Amino acid sequence: MEKYSGKSVYGGIAIGKIHLMTKREQSIVRRKIEDTDKEIKRFEEAKETAKNQLAQLYEKAKVEVGEANAAIFEIHQMMLDDGDYVDSIENIITKQSVNAEYAVGITADNFAEMFSSMDDAYMKERAADVKDISERVVRILSDAEGTKDVSQEPSIILADDLAPSETVQLDKNMVLSFVTVHGSTNSHTAILARTMNIPALIGVNIELSPELEGKMAVVDGFAGVIYVEPDEKTLADLKKAKDEELEKQRLLLELKGQENITKDGKTVLVYANIGNVKDLAYVLANDAGGIGLFRSEFVYLESSTYPTEEEQFMIYKKAAETMAGKRVIIRTLDIGADKQADYFDLDKEENPAMGLRAIRICLQRPDIFKTQLRAIYRASEFGKLAIMYPMITSLEEVKRIKEISAEVRAELKKENINYNDIEEGIMIETPAAVMISDLLAKEVDFFSIGTNDLSQYTMAIDRQNPKLDSFFNPHHEAVLRMIDLVCQNAHKENIWVGICGELGADLKLTERFLKMGVDELSVSPSYVLPLRNKIRSLDLSK
Ligand code: PEP
Ligand code: MG
């Protein structure tokens, strides 16, 4: 047994095989084939294997996220049998005497391009699906030649580091735990691990040698330890701890449907943070009262080019519809710093956290900003949406944003496109915004305090730099007093105030936050019920 320690970013215990995630591109090589009949048979077999995998995924997803959300795996099975798709692949193999991987790759590109160019939004979405199923077939075909992919069985993912864009692309059903050599507690990858409710460790001093692949391991997310090839006693102890954890979760589920109310009758809104519409299943499963932070930049990170108005509209509409009248706060694009998308072509900066990011990009490039605002306003008809602007530092910014937002509404009106007048709020995540929160409160409908960035800028501690973790005090009095000041200034102007940074889930601070008058706490979905439990145990009159 080998034991490696790191820093836990989310508790829980995972038991399973290790999968090393090293950076490798799955490139498809074109090869000449003599026996094309044999190659077609190879494709047919891979297709059947893919369908079986999808059938298993469907069953699993049905239990975890419900029938409606699982339906995509049924659709994928049907797409694999689509006559045109299969004909195209077999035709390429026969006519060009090439390998199946290449024929699948070309067909995927052709079909995806064809779907993307269609006007119908539903058909456009099929482009991603055809790519997805094709990648699965190519993976299976390549497996026969010795490569292995994460989606073959649920595994403990071991990596040097994971970028947020890499993390969001992982098939969450196949991830038991994340363990990385680098990374920091407040990084977006850590936040995603919390959203996904899986044990995760960072800063683990383990050499990523290929022999680790497939080895049995246990991650103890409470102690911040991974055991590789655990001995019997360790395994038995941790299995027991895992069962106890499951029992605790079962008890928490009894809190579903209950109010977020203290013993002395103060109610608080408890919302969830998401980065993707796929996370909506976690939001519903954990009974959140709304979405307090939809990190819309993940829509951009998952795309290889600027997402269109139509694509964004479909996503926001889905969130609005799924939440069925509960508030969904969409935070506008917060790209930059650790969240980079190549196609934005941003210059390399000395201090990216203090650089051209978030609202600064939107104000410099109003075309991108307006596309997003149009999509949000159009989707506002389908539920209770709200907009929130990140990284605000001045009154002038807010005034300019309001002008642009008004222009967007005027354009929609002129085009006879329906929209609702929705709440517009700002994030308070810079010390500058805190200090002028009395003035900002007169301009907006709500405040949401981003404690991740607010802590970073207040303590001058880069949230991405693991070497600074020992200097980082999440309970620094400076940050807590700032939150208090923001609450007072918000309430003087009769607007509501929430916290959507990670501190909102810190149960040691819940009582203090409620005493400050915080109206809403937005946390990773898995923290909703523990937070409700905490709120219900408090008596603020004492
Ligand atoms: C924050 O800064 O606290 C916040 C919620 O935004 P993000 O973590 O996405 O920067
Ligand atoms: Mg922030």
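Student: Which residues lie nearest the centre of the largest cavity?

Tutor: The model is predicted. In it, 15 residues line the largest cavity. Those nearest its centre are Arg295, Arg331, Glu429, Asp453 and Arg463.

Student: Which elements give two or more residues to the lining of the largest cavity?

Tutor: Two elements meet that condition, one a strand and one a helix. They are strand S10 (291–295) and helix H17 (451–459).

Student: How many charged residues does the lining of the largest cavity have?

Tutor: Sorted by class, the lining includes 3 nonpolar and 4 polar residues. Asp, Glu, Lys and Arg count as charged. The charged residues in the lining number 8.

Student: How much space lies in the largest cavity?

Tutor: Searching the whole structure turns up 3 cavities of 30 Å³ or more. The space in the largest cavity is about 100 Å³.

Student: How far apart are the end C-alpha atoms of helix H18?

Tutor: Helix H18 covers residues 477–492, which is 16 residues. The expected span takes 1.5 Å times one less than the number of residues, so H18 should span 22 Å. The separation in the model agrees with that: 23 Å.

Student: Which residues of H18 are buried?

Tutor: A residue counts as buried when its relative accessible area is under 20%. In H18 the residues that pass are Val479, Leu480, Met482, Ile483, Val486, Cys487, Asn489 and Ala490.

Student: Which residue just after H18 takes a positive phi?

Tutor: The phi in question is about 60 degrees. It belongs to a residue that follows directly on H18, Asn494.

Student: How far is Cys487 from the nearest cysteine sulfur?

Tutor: A disulfide needs two cysteine sulfur atoms within 2.5 Å, and the whole structure has 0 disulfides. Cys487 is buried, at 0% relative accessible area. For Cys487 the nearest cysteine sulfur is that of Cys500, at a distance of 13 Å.

Student: Is Cys500 buried or exposed?

Tutor: Cys500 is also in no disulfide. Its relative accessibility is 1%, and the cut-off for buried is under 20%. Cys500 therefore counts as buried.

Student: How far apart in space are Asp279 and Ser524?

Tutor: Asp279 sits in the loop between strand S9 (269–274) and helix H9 (280–285), and is buried at 1% relative accessibility. In sequence, Asp279 and Ser524 are 245 residues apart. C-alpha to C-alpha, their separation in space is 9.9 Å.

Student: What distance separates the centres of domain 2 and domain 3?

Tutor: Domain 2 covers 36–142 and domain 3 covers 252–537. Taken over C-alpha atoms, their centres are separated by 37 Å.

Notes:
Residues are numbered from 1 along each chain as its sequence is written. Chains are lettered from A and ligands numbered from 1 in the order in which they are written. This is a predicted model: local features need pLDDT of at least 70, side-chain atom pairs count only at pLDDT 80 or more; totals for chains, interfaces and linings use all residues. Side-chain values use heavy atoms; hydrogens and water are left out. Domain bounds come from an automatic or database domain assignment. On a 1 Å grid over the protein atoms alone, a cavity is a set of points where a 1.4 Å probe fits but cannot get out, and a pocket is an open set with protein on both sides within 12 Å along at least five of seven lines; lining residues have an atom within 4 Å of a point. Grid points are joined across faces, edges and corners, and a volume is the space filled by probe spheres set on the points. Helices (H or I, at least four residues) and strands (E, at least two) are DSSP runs, numbered from the N terminus. Buried means under 20% relative accessible area, exposed over 50%, partly exposed in between (1.4 Å probe, protein chains only).
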